[in-house]
Amino acid sequence: MQTPTTQHPLWKTYLLFLAPMVLSNFLQSMSGTINSIYIGQMLGTQALAAVSGMFPIVFFFIALVIGLGAGAGVLIGQAWGAREPHLVKAIAATTLLLGAMIGLVAAVLGSVFARPALEGLGTPADVLDDAVAYAHVMMWIMPSLLVYVLFTQLLRGVSDTVSPLIALVVSTCIGLALTPALIRGWLGLPMMGIQSAAYAGLVGNLSAMAWLAWRLISKGHPLAPDREMFAAMRMDLVILGKVLRIGLPTGLQMVVLSVSELVILALVNQHGSQATAAYGAVTQIVNYVQFPALSIAITASILGAQAIGAGRIERIGPILRTGLLINVCLTGGLVVLGYLLSHWLLGLFLTDDITRAKAEHLLHIMLWSLLVFGFQAIIGGIMRASGSVLVPMAISIFCVVGVQLPVAYALDGHFGLQGVWMAFPVAYLGMLVLQTAYYKMVWQHQKIERLV
């Protein structure tokens with residue numbers, strides 16, 4: 001068994017790993033985009049505002065699972081690089097069990113406290129009831145969604161980015177076909193209104209998970225959900241401790257980012273439902289740029305972990321440089337397209353000219369800074385590959401809590417809504433400066449060893 005880092009030149013390995021993941025992110029973003037178009041065009045701007053209010057809450061729980069997946073992915077990458085497939089399966093089984101438990105807690109707490117949470121965020125009164133109805137459905141499908149997200153992350157730890165891509169194609173096609181059918185009640189289906197996208201997403205996710213299980217079992221995949229996987233599905237405290245050592249700080253970092261989004265949303269909501277709808281539309285465009293940047297960082301982290309597991313520490317530098325260069329080309333290219341096509345893209349979500357003009361102005365303020373965001377994420381991903389997460393996490397949290405939020409509040413009072421978006425570039429630049437300084441001055445001088 002050869003590890004991917006030894007099969008091809010580094011640049012080719014990077015692109016083979018990255019391409020399916022970027023396509024997956026594109027499909028995922030496209031699915032959310034088209035659902036937003038369905039809702040905005042078929043149900044109206046107020047319905048889009050109601051759905052937009054749930055973005056940060058859903059992301060809060062997904063962020064926690066992404067953190068766990070990042071921790072488990074590092075361990076799996078090192079075990080895979082060391083050619084220990086039995087350890088790969090044990091790490092995955094323990095992590096999936098924990099993810100399912102988090103999903104159940106999210107379902108119960110989220111459904112009970114949906115209305116108070118949305119009220120606390122300042123959701124406009126004219127969309128509150130619709131937002132609560134949508135939230136109840138979204139929270140009850142959370143267990144299946146979180147397990148699905150987590151499992152696709154674990155597959156990438158063994159360099160399998162194709163299976164998650166195909167599974168996402170299945171999920172996306174089913175979801176996009178069902179959403180308008182449920183909105184309009186086609187083919188005798190019930191008219192679900194604003195809840196249509198959530199129900200369609202549930203059917204799509206369950207179908208994708210069933211297909212994924214069949215594919216992995218039929219191929220004898222190291223992460224196939226077979227008898228051995230289920231036998232290993234217990235709270236192995238040794239493995240769990242190592243996953244949490246990396247995953248909890250990463251998850252905490254993601255949760256802090258999501259909480260900051262809640263604060264930002266609360267600021268935006270004070271400007272009315274038009275501003276909330278603009279926020280939702282801008283978020284859709286930003287996802288197309290930010291997720292590929294994060295994919296490059298994940299690729300750097302997994303390839304770095306595999307190199308460490310294989311004892312090839314000398315490859316860490318080239319992996320970092322390649323990631324930074326790809327970020328310039330890919331993320332930078334998407335930023336340019338975002339500026340050139342912003343008016344047309346935002347028109348897909350927003351039918352009101354005033355709201356669209358407002359959203360376009362907000363997008364132009366911060367879109368360029370996603371290139372900076374990508375740079376700092378890649379540097380952090382390389383350090384995470386060795387299990388070094390506490391200081392990079394602290395830097396990110398400081399820049400969000402200590403820089404972004406105070407700046408957003410200050411500029412909101414001075415410039416209004418556009419001031420909120422000005423805080424994003426300030427925070428991302430701070431992250432890049434501090435992450436680079438820690439990498440150069442501290443991390444490069446540490447001894448790097450396997451964690452498993």
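Mentor: Let us begin with burial: a residue is called buried when its relative accessible area is under 20%. Please note that this model is predicted.

Trainee: Is Tyr-279 buried or exposed?

Mentor: Tyr-279 has 4% relative accessibility and therefore counts as buried. Trp-421, at 3%, is buried as well.

Trainee: How is a pair of aromatic rings described?

Mentor: One gives the distance of the centres and the angle of the planes. In this structure, a search of the whole model finds four aromatic pairs. In one of them, the ring centres of Tyr-279 and Trp-421 lie 6.3 Å apart and the planes meet at 65°, so the pair is edge-to-face, because an angle over 60 degrees is classed in that way.

Trainee: Which parts of the chain does this pair link?

Mentor: The pair links distant parts: Tyr-279 belongs to helix H13 (residues 273–309) and Trp-421 to helix H19 (residues 417–441), 142 residues apart.

Trainee: What geometry do Tyr-439 and Trp-443 show?

Mentor: The pair of Tyr-439 and Trp-443 is stacked, with 5.3 Å from centre to centre and 20° between the planes. Tyr-439 is buried at 6% relative accessibility, and Trp-443 is buried at 3%.

Trainee: Which residues form an aromatic cluster?

Mentor: Phe-373, Phe-424 and Tyr-428 together make up one cluster.

Trainee: What does Ser-163 touch, leaving aside residues up to four places away in sequence?

Mentor: Ser-163, located in helix H9 (residues 162–184), touches Leu-155, Trp-211, Leu-212, Arg-215 and Leu-216 when those sequence neighbours are not counted. With a relative accessible area of 1%, Ser-163 is buried.

Technical notes:
Residues numbered from 1 in each chain as written. Predicted model: local features only at pLDDT ≥ 70, side-chain atom pairs only at ≥ 80, totals over all residues. Heavy atoms only, no water. Phe/Tyr/Trp six-rings, centres within 6.5 Å; stacked < 30°, edge-to-face > 60°. Helix = DSSP H or I, 4+ residues; strand = E, 2+ residues; numbered from the N terminus. Buried < 20%, exposed > 50% of the residue type's maximum accessible area, 1.4 Å probe, protein only. Contact = heavy atoms within 4.5 Å.
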